[in-house]
Amino acid sequence: MADVVSVEFEAGRPGRGFPSYRGQRHFPGLYWSSTTGGHVGFESWLERDHAMLLDFTPQVTGLPSQPF
């Protein structure tokens with residue numbers, strides 16, 4: 001477990017892309033996170049809202065992109 005502490009899992013690439021097409025029922029996109037200093041992907045507005053909430057939480061030090 002001590003070896004895993006130094007691994008930044010949030011820096012990993014998403015397992016798949018975020019498809020976007022006309023008429024879809026969810027809204028994927030990218031959210032700029034000040035915690036990570038980069039974009040965090042989301043597949044719905046609910047995921048975006050959770051990312052925003054975590055971004056404003058002082059205890060959070062990393063935020064992985066969905067889908068992980």
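How many salt bridges does the structure hold? The structure holds one salt bridge, and we will meet its two partners below.

## Before we start

This is a predicted model, in which local features need pLDDT of at least 70 and side-chain atom pairs count only at pLDDT 80 or more, while totals for chains, interfaces and linings use all residues. Residues are numbered from 1 along each chain as its sequence is written, and side-chain values use heavy atoms, with hydrogens and water left out.

## The overall layout

Let us begin with the whole protein. The protein has one helix and two strands, and along the sequence they follow the pattern β-β-α. Helices (H or I, at least four residues) and strands (E, at least two) are DSSP runs, numbered from the N terminus. Strand β1 covers residues 29-33, strand β2 covers 38-42, and helix α1 covers residues 45-55.

Of the 68 residues in the protein, 21% are buried. Here, buried means under 20% relative accessible area, exposed means over 50%, and partly exposed lies in between (1.4 Å probe, protein chains only). The accessible surface of the protein comes to about 5,400 Å², and 59% of this surface belongs to carbon and sulfur atoms. Accessible areas come from the Shrake-Rupley method with a 1.4 Å probe; for residues, only the protein chains shown count as cover. Among the contacts in the protein with a separation of 6 or more, 43% are between residues 24 or more positions apart. A contact means heavy atoms within 4.5 Å.

## The salt bridge

Side chains of opposite charge can pair when their charged atoms come close. In this model, the side chains of Arg-48 and Asp-49 meet in a salt bridge, at 2.9 Å from N to O. The term stands for a side-chain nitrogen of Lys or Arg within 4 Å of a carboxyl oxygen of Asp or Glu. Arg-48 has a relative accessible area of 26%, so Arg-48 is partly exposed. Asp-49 is partly exposed too, because its relative accessible area is 37%.

## A buried charge without a partner

Now look at Asp-55, which sits in helix α1. Asp-55 is buried yet has no salt bridge, and the nearest side chain of opposite charge, Arg-48, is 11 Å away. For charge, Lys and Arg count as positive and Asp and Glu as negative; His and the chain ends are not counted. Leaving aside residues up to four places away in sequence, Asp-55 touches Tyr-31, Trp-32, Ser-33, Ser-34 and Thr-35.

Two of these neighbours deserve a visit. Ser-33 belongs to strand β1 and has a relative accessible area of 0%, so Ser-33 is buried. Beyond the residues up to four places away in sequence, Ser-33 touches Gly-38, Val-40, Asp-55 and Leu-63. Ser-34 lies in the loop between β1 and β2, and Ser-34 counts as exposed because its relative accessibility is 59%. The C-alpha atoms of Ser-34 and Asp-55 are separated by 6.8 Å, although these residues are 21 residues apart along the chain.

## A stacked pair of rings

A pair of aromatic rings is described by the distance of the centres and the angle of the planes. The structure holds one aromatic pair. The rings of Phe-27 and Trp-45 have centres 4.4 Å apart and planes at 20°, so the pair is stacked. This pair links distant parts of the chain: Phe-27 is in the segment before β1 and Trp-45 is in helix α1, 18 residues apart. Rings of Phe, Tyr and Trp (its six-membered ring) pair if their centres lie within 6.5 Å; planes under 30 degrees apart count as stacked, over 60 as edge-to-face and the rest as tilted. Phe-27 is partly exposed, with a relative accessible area of 43%, and Trp-45 is partly exposed, with 46%.

## On the surface

Val-4, Val-7 and Phe-9 form a nonpolar patch on the surface, and together they have about 250 Å² of accessible area. Patches are made of residues with over 30% relative accessible area and no salt bridge: like charges are joined within 9 Å, nonpolar side chains (Val, Leu, Ile, Met, Phe, Trp, Tyr) within 5 Å. Val-4 lies in the segment before β1, and Val-4 counts as partly exposed because its relative accessibility is 39%.
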